[in-house]
Amino acid sequence: MRTALQAAVGLLLALLAARTGASLVSTIALGAPAPPPAPADAARPAPTAALAAPSPDAALAARADPIASYTLRATLDPVQHTMRGEGTLVWRNASRAPQRELFVHLYLNGFKSPRTAFLRTPVGGFRGNEILYDYGKIQVTRFAVREMGGADVWPQGKPTTPGDPDDETDIRVELPQPVAPGDAITIDLAWDADLPSLALRTGHHGSFHMVGQWFPKVARLEPDGTWAHFPYHRLSEFYADFGAYDVTVDVPEGFTVGATGRLVEEQRRGGRAVRRFVQEDVHDFAFAAWDRFLEMRATTDDGVAIRCLYPAGNEREAALEIDLVTFGLSHLGAAFGRYPYDTLTIVHPPEGAEEAGGMEYPTLITTGGSWLWPALGVRFVESVTMHELAHQWFYGLVATNEHRHPFLDEGLTTYAEADALRARYGAGSAARLLGIEIDLLAQYRVGAIASGHNGAVAQPAPAFVDGEDYAGLAYLRPAVLLATLAGVYGEDVVRRAVGRYARENRFRHPGPEALLDAVRREAGDEAAEALRAGLFDRAWVDYKVATFRSWPADAEAAGAPVDAAAGAPVDAAGAPADAAVDAPHEVGREAPAYRGHAVVRRRGSLVLPVDVELHGADGRVQRMRWPARESVARIPYAGASPLVAVVIDPDHRVLLDEDLANNARRLDPDVLAPAVLSRVSFGVGLALTLLGP
């Protein structure tokens, strides 16, 4: 799901940022990893060369193991905003233990009254703060197990939220007899649902209806026989088993429906339109219905049918979203495994229904944003579209437990979003304002750093104290951490690591250890340890140039006092360090006229190697690699002129460096070598983010 963090970027901020950025880059050394060259907006570049290598998709799992499959029928009354549902659930015990109970999620009951856990949860700083004027609920009227004499077991069902009798979103149902490992049961279902006024993924606004989490949904049973069940929490999303969905949606004639899966049958009779959608290998089903949708279609070279439903006046946004989805299916598919479905439906909600936007379901995404964003050069529509599309891999295909580890979906999705938009738009991946390009990672960086000391990234959704921390820690910080690893160890290396994770764990519901393992195998132990520390230990980093000096080389020959340790790295106590610093680049064949050193420091527990540049007064620049395993080191200098400036991480590859202002020191701005100056784009992006939300 997309946050609103990107929505407050406007033209006034851009004008302010342009001035601030110019000031920043003339004062300190800033930089950003060089993205691909920015094409013209009208162009559509092919995926990056690194992604054009032979695909490893031959090893992808072809199908999911069907555990929970549904055949459902939903009849919508858009005037009363009610729905009647019926159908069957075929559920198989795929665990190693017999089961005498089922856990069923009734998430529409989160909107039942102000007393529910969902509506009581404070989430300042995040979406979902709409005030309901119409509550919603779901009432199950039949839950009969055919293999157990057709017994309706629902009357024995009990809410399970500990100490919370007012919450009815997680129901425990006892069975008359156990279901043995490997056995399956068929459950006949019937229920009535009232949709709430639109808030956080579902509900109604006028005749527009976004219908999510609308049926009795069995929780996921883990292989060890424990149930992953939980009440509906404001910051938590969803987790379920894969299966096949065969869903018939009955709406008044004149209503257009966008839904999970492919349309296989359509009938019109008695003033009603009845459409049947089918999709295998998914773990949820949602649909949108409205009598004012317009429609735009396209088909990718791989045969994926793209369908965009949008309100009148949003033709430009619809065309842009189809363009982004076409590009994204190619780019993301090459990076993380081919998209396995035949369809992708985009729903652009109408004005007033923004709470339905920025959400993902299998083969269905919702977007948002008006014509104003593209007109101002701000890529909000592009960003939300690419973000929701990337969810098709990490929410949809990998299908992690979003309640327990939300960063595995939201963080990886945000990383993939930024990677794809940089491939599409280059340095202007966030915006192009008055000819100034703003990088998306520069914008996300500030939110990631601001949240870094507030808690661990790897914590359950209900553990976040508010929506601001949830957005910063579950979305931004893991994405910027991965982008930092990409800057340090190589974009292709980290993209391969995340791609290995996504491919090897397709349909498998992995945990964090699978991601760490993939990074270790592709990037090495050092990178994996940095990722682990950043996710679990609140690890942070700040590099600093402490001091530097140089002296004429002949002063050494004349017997002048010289620091005996100059030119060798030392530890915090001043003793020689174990980690070696690469020797400076050769300046010339002549003996150096000046020698010296710089003292550099690393604060924090995030250990990442970094480049250090030494600038001579003659404009010559020496660059070396500091492993930074120690917290302080002396970097040697030998050159034809005095040392006048030192810059740590001149390309700004360590995006999580907390204080960029101390990365450079110099004697005199007038003699600073031109190579120290950063590109304006990063300074503008940083300034814009500081002024933004």
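Which handedness does the crossing of α9 and α10 have? I looked it up, and the crossing of α9 and α10 is right-handed. My note on the word: a crossing is left-handed if the near helix is turned anticlockwise from the far one by less than a right angle, and right-handed if clockwise.

**Ground rules**

I'm working with a predicted model, where local features need pLDDT of at least 70, side-chain atom pairs count only at pLDDT 80 or more, and totals for chains, interfaces and linings use all residues. Residues are numbered from 1 along each chain as its sequence is written, and side-chain values use heavy atoms, with hydrogens and water left out.

**The whole chain**

I started with the secondary structure, which comes to 13 helices and 32 strands. Helices (H or I, at least four residues) and strands (E, at least two) are DSSP runs, numbered from the N terminus.

Next I checked burial: buried residues make up 60% of the 693 residues in the chain. Buried means under 20% relative accessible area, exposed means over 50%, and partly exposed is in between, with a 1.4 Å probe and protein chains only.

I also looked at contacts, meaning heavy atoms within 4.5 Å. Of the contacts in the chain with a separation of 6 or more, 75% are between residues 24 or more positions apart.

**The core**

I then went to the largest nonpolar core, which has 193 residues. Such a core is a set of buried Ala, Val, Leu, Ile, Met, Phe, Trp, Tyr and Cys residues joined through side-chain atoms within 4.5 Å. Trp-91, Phe-143, Trp-214, Phe-287 and Phe-336 touch the most other members. Helix α8 (residues 467–489) gives the largest share of this core, 15 residues.

I clicked on Phe-336 to see what it touches. Leaving out residues up to four places away in sequence, its contacts include Trp-393, Phe-394, Tyr-415, Val-498 and Arg-506.

**Helix pairs**

Back to α9 (residues 491–504) and α10 (residues 512–523): their axes come within 8 Å and cross at roughly 135°. Axes are lines fitted to C-alpha atoms, for helices over the stretch in contact, and angles run from 0 to 180 degrees between N-to-C directions. Angles under 35 degrees count as roughly parallel, over 145 as roughly antiparallel, 65 to 115 as roughly perpendicular and the rest as oblique. So α9 and α10 are oblique to each other.

Among the residues that meet there are Val-493, Arg-496 and Tyr-501 in α9, and Leu-515, Val-519 and Glu-522 in α10. By class, this contact of α9 with α10 has eight nonpolar, no polar and five charged residues. For the classes, Ala, Val, Leu, Ile, Met, Phe, Trp, Tyr, Cys and Pro count as nonpolar, Asp, Glu, Lys and Arg as charged, and the others, Gly among them, as polar.

How do α10 and α11 pack? The angle between α10 and helix α11 (residues 525–536) is about 150°, with their axes 7 Å apart. That makes α10 roughly antiparallel to α11. The crossing of α10 and α11 is right-handed. The contact of α10 with α11 has nine nonpolar, no polar and three charged residues.

I looked at α7 (residues 440–451) and α8 too, and their axes come within 8 Å and cross at roughly 120°. That makes α7 oblique to α8. Here α7 passes α8 in a left-handed crossing. The contact of α7 with α8 has eight nonpolar, three polar and two charged residues.

Most residues other than glycine have a negative phi. I found Ala-399 with a positive phi of about 60°, although it is not a glycine. Ala-399 is in the loop between α5 (380–397) and α6 (407–425). Is Ala-399 buried or exposed? Ala-399 counts as buried, at 3% relative accessibility.

Leu-434 also has a positive phi, near 50°. Leu-434 is in the loop between β24 (431–433) and β25 (436–438), and it is exposed, with a relative accessible area of 63%.

**Two spots across the sequence**

Gly-271 lies in the loop between β16 (262–269) and β17 (272–282) and is partly exposed, at 42% relative accessible area. The C-alpha atoms of Gly-271 and Glu-253 are separated by 5.3 Å, with the two residues 18 apart along the chain.

Last, I checked Gln-139, in strand β4 (residues 137–145). Gln-139 and Ala-190 are 51 residues apart in sequence and 8.8 Å apart in space, C-alpha to C-alpha.
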